[in-house]
Amino acid sequence: MSHHRAERMNIRIEEVAESRLSELDFSKIEFGNVFSDHLFRRNWEEGAWQEASLIPYQSIPVNPAALGLHYGQAVFEGLKAYRGTQDGIIRLFRPDRNAERLQRSCERLCIPTVPTDDFLNAIQALVSLDRDWVPASRLQTLYLRPILFGSEGHLAVRPSRTYEFWILAAPVSEYFDRAGPGISLKAEDRFTRAAPGGMGAAKTGGNYAATLRPTGDSLAGGFNQVLWLDAHEHHFIEEAGQMNIFFRLGDTVVTPPLSGTILPGVTRDCVLTLIDEWGLAREERRISMDEIRDASQRGLLSEAFGAGTAAVVAPVQCIQYRGTNIEVPDPGSDSLSKRLYDELTGIQYGEVSDRHGWTVDVT
Ligand SMILES: *Cc1c(COP(=O)(O)O)cnc(C)c1O
């Protein structure tokens, strides 16, 4: 093991004695079951962030009374590193947005925030050290998972006084099979993901815990994901699993507004920016299930797709709502979802000009 200090930021680096990379078969990568050689770790104690380090990926002891475990004081992020198909340059995609969203999630859950520069430096240092783990395939990436949680052992319901901040790196393949006909959604009319005033806009594990039961039921029923509806009436559309949702009604693209109950996706923001750039009409407004069903019957529903870092842009084929199937017509090869997917992945893999300044090279 070698011990030295990184130049750009005070990060102690403890390298693995032997890389596990040779054990990895890139052709058999799934989503999230293999992790790279190193882990970023930084603790918060006595009111301040302590030494940052990159250490061999390993299990870390946790106090059995850790507040993050008992009361869910935990937040996370999700972003990817892409290897350029033509130039081999490793790029991050809008990581500043993840840094800012992590700060907003932290504020909602009384967790000390990570300054944007520290977040970016930590990501850079981890990906740079484990750069050989960034896959070369255009259908694969190195997924980065920052997580922050209250580590103090105490049973009182109050914010923790100590925190763990880790960043994990996992080589992953695409989330949904792109050759397939599109995903099917079950509009959930019993359970809800988030209510007004709750934590829906924060990326926190508690929101995911609430989705496990209904998502499991949907998968067992043959669907790919849940379409979440509003908490009052189960009538207005919110988002689809870990994706924001878009519909193409006539010539207009519509998506629910950032009302506080949905997650403000980075991909969502990119989709809206590209739609504006391409001169297409779009609206951020409430959309009811009745409106989608009526639009479908009148032939106005031409496309539906989800958007998120894990799945990029995923076309929706069918939505079941209260026992009725709403079929989305196959938009064919010149669909907007395909155009968005090609543009986003083109920028991410360094094939399309990055005119919005979205990518950051890993050095
Ligand atoms: C992370 C997430 C998204 C997508 O956000 P991106 O920044 O585009 O990856 C959408 N919905 C939920 C619930 C999420 O957790």
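Modeller: Start with contact, which means heavy atoms within 4.5 Å. This is a predicted model: local features need pLDDT of at least 70, side-chain atom pairs count only at pLDDT 80 or more, and totals for chains, interfaces and linings use all residues. Residues are numbered from 1 along each chain as its sequence is written, and side-chain values use heavy atoms, with hydrogens and water left out.

Biologist: Which residues is Leu148 in contact with, leaving aside its neighbours within four places in sequence?

Modeller: Trp49, Gln73, Ala74, Val75, Leu102, Cys106, Ile111, Pro112, Val114, Tyr163, Glu164 and Phe165.

Biologist: What makes a set of residues a nonpolar core?

Modeller: Its members are buried Ala, Val, Leu, Ile, Met, Phe, Trp, Tyr and Cys residues, joined through side-chain atoms within 4.5 Å. Buried means under 20% relative accessible area, exposed over 50%, partly exposed in between (1.4 Å probe, protein chains only). The largest core here has 38 residues, and Val127, Leu144 and Leu148 touch the most other members. Helix H3 (residues 116-129) gives the largest share of this core, 6 residues. Helices (H or I, at least four residues) and strands (E, at least two) are DSSP runs, numbered from the N terminus. Apart from this core lies another, of 26 residues, including Ile237 and Leu249.

Biologist: Why is Leu155 called exposed?

Modeller: Its relative accessibility is 56%. The label needs over 50%, so Leu155 counts as exposed. Leu155 sits in the loop between strand E8 (140-150) and strand E9 (163-173).

Biologist: What makes Tyr71, Leu155 and Val157 a patch?

Modeller: Patch residues have over 30% relative accessible area and no salt bridge; like charges are joined within 9 Å, nonpolar side chains (Val, Leu, Ile, Met, Phe, Trp, Tyr) within 5 Å. These three form a nonpolar one on the surface, with about 340 Å² of accessible area together.

Biologist: How do you know that Asp269 and Arg97 form a salt bridge?

Modeller: The term asks for a side-chain nitrogen of Lys or Arg within 4 Å of a carboxyl oxygen of Asp or Glu. Here N to O is 3.8 Å, so the pair qualifies.

Biologist: Why does this pair tie together separate parts?

Modeller: Because Asp269 lies in helix H5 (residues 266-277) and Arg97 in helix H2 (residues 95-108), 172 residues apart in sequence.

Biologist: Why is Asp269 called partly exposed?

Modeller: Its relative accessible area is 24%.

Definitions and conventions. Areas by Shrake-Rupley, 256 points an atom, 1.4 Å probe, with all protein chains shown as cover.
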